Amino acid sequence: PVSQGKIEELVTLIQPEEMKRAQDAMSVKDAENRALPSTYTIMQLLKSFSGYNKWMGQAAKGGKIDKFTSELEALLHGIPRKNSEAFADHVATKVTLLLHRGRRHGFDKDFVKAVKDFDDAFALVEDKAGIDDDDHEDVKKAIVKAMETEDYARLLEWAGMCRHLRYELKGALECYERCSELEPENTELLVKRAGVKMDGSKHADAEALFAEALTLDPTASDALLHRANLRMLQQRVADSESDLETCIRLYPNNLLARLRLATVYMAKEDMDGAKRMLDQAEEYDPESSEVHCYRGELHFARGDFPGAKEEFEKAMICDPYNPTPYVNASLALANTPPPAGQRPDLTPAVELLEKAIEVDPMFHAAYVQLGQMKLAQATDLTKAKEVVELYDKGLEYCRTPEELKDICSMRILTVAQIDAAHALHMETLNMQ
């Protein structure tokens, strides 16, 4: 048998070329055509910002989709570009209606349509159709002048969010920075810019933006919450804990802060502290899928796999679109010893992982675990090749270098095993 060290050495050698192949395939895709994260993931992100309740309230009061659609359809068409003032007023009106309709789509959790409206509105305000015309810059300025400043700022902010959701980091940052120029004391924009920097692995830049936000407003909950995430990434556990404790002192009903503090306690192996924090979180939201998910992780850490599975199942009931409990329940099943004299049956665990991918095709951990389980179940090389196809599907949805590296590594190992089996004229990967 080949030693584990030798296998890891070979993977390390092959990995850069495989990652480049996957990255090249991803780069061919136009940024605007990249898939959005799941509705659950988008909602978790949006709820983490302090302005969530404000824009949701505005969207609720602003009117339903039909109202905006009717007003858009009623707009005059064919206003000549040479009539600059009328043209700019017309475009500004359309942009504003698209902005408000997009926000309403967001309220209704139809993010595909929301992003389409925000993108169309941004293309209009940027005069993308007239980019080659001599009057392009003048028309852009006229459109912006014809809009309400608040609407223009919110369009830039939503355009930044749309680009960030598609992992178009440069475009997201440009939109957020332009919005910050209009609203230099808006701490939420600084936090969103820091989030883009974090995703680009520019942690020092993110740290500076969080510091700027907290200098402007030491009580900015989203700055404390997101900086705590950064500090966990940097393994500054005590600093992360301090930010979350401050956030909870300021906002005792901040569910996300309590949940994240529970994860900090788990990282410190303080299971009693984690349980206490989850108990408090449940008081604020008894139907939280995340609370049950974290409770399950506590049971899992203690080796109580039946107890963990029960909590993960509760999490699925609270929110069927949360992919995490499906993956965790699968691992709980896989780690549960079978009855005496029986062989492990991975089928229920596999089905849970397939469900996780169904509800969130971007949940890369599900691909890694599912590939391993399916490979263990493979009765012939055809079944083993299906695992390679699974990893190829997972690679299409990777967003970060870390995700790409994980799945590439698993794919390399699987292809190597299949190639070795072919070379040895084997019909299965099973050596017995």
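The buried residues of α14 (buried: under 20% relative accessible area with a 1.4 Å probe, protein chains only) pack against α2, α12, α13 (237-250), α15 (271-284) and α16. Helices here are DSSP runs of H or I with at least four residues, numbered from the N terminus. The model is predicted, with local features needing pLDDT of at least 70 and side-chain atom pairs pLDDT 80 or more, while totals for chains, interfaces and linings use all residues. Residues are numbered from 1 along each chain as its sequence is written, and side-chain values use heavy atoms, with hydrogens and water left out.

Helix α14 is mostly covered, with 11 of its 13 residues buried; among them are L255, R258, R260 and Y265.

A pocket is an open set of points on a 1 Å grid over the protein atoms alone, where a 1.4 Å probe fits, with protein on both sides within 12 Å along at least five of seven lines; lining residues have an atom within 4 Å of a point. The volume of the largest pocket is about 2,100 Å³, taken as the space filled by probe spheres set on grid points joined across faces, edges and corners. Its lining comprises 50 residues, with T41, D199, N229, R260 and E403 nearest the centre.

The second largest pocket has a volume of about 850 Å³. Of its 30 lining residues, M43, Q44, K47, Y52 and L256 are the closest to its centre.

Notes. Buried < 20%, exposed > 50% of the residue type's maximum accessible area, 1.4 Å probe, protein only. Helix = DSSP H or I, 4+ residues; strand = E, 2+ residues; numbered from the N terminus. Contact = heavy atoms within 4.5 Å.
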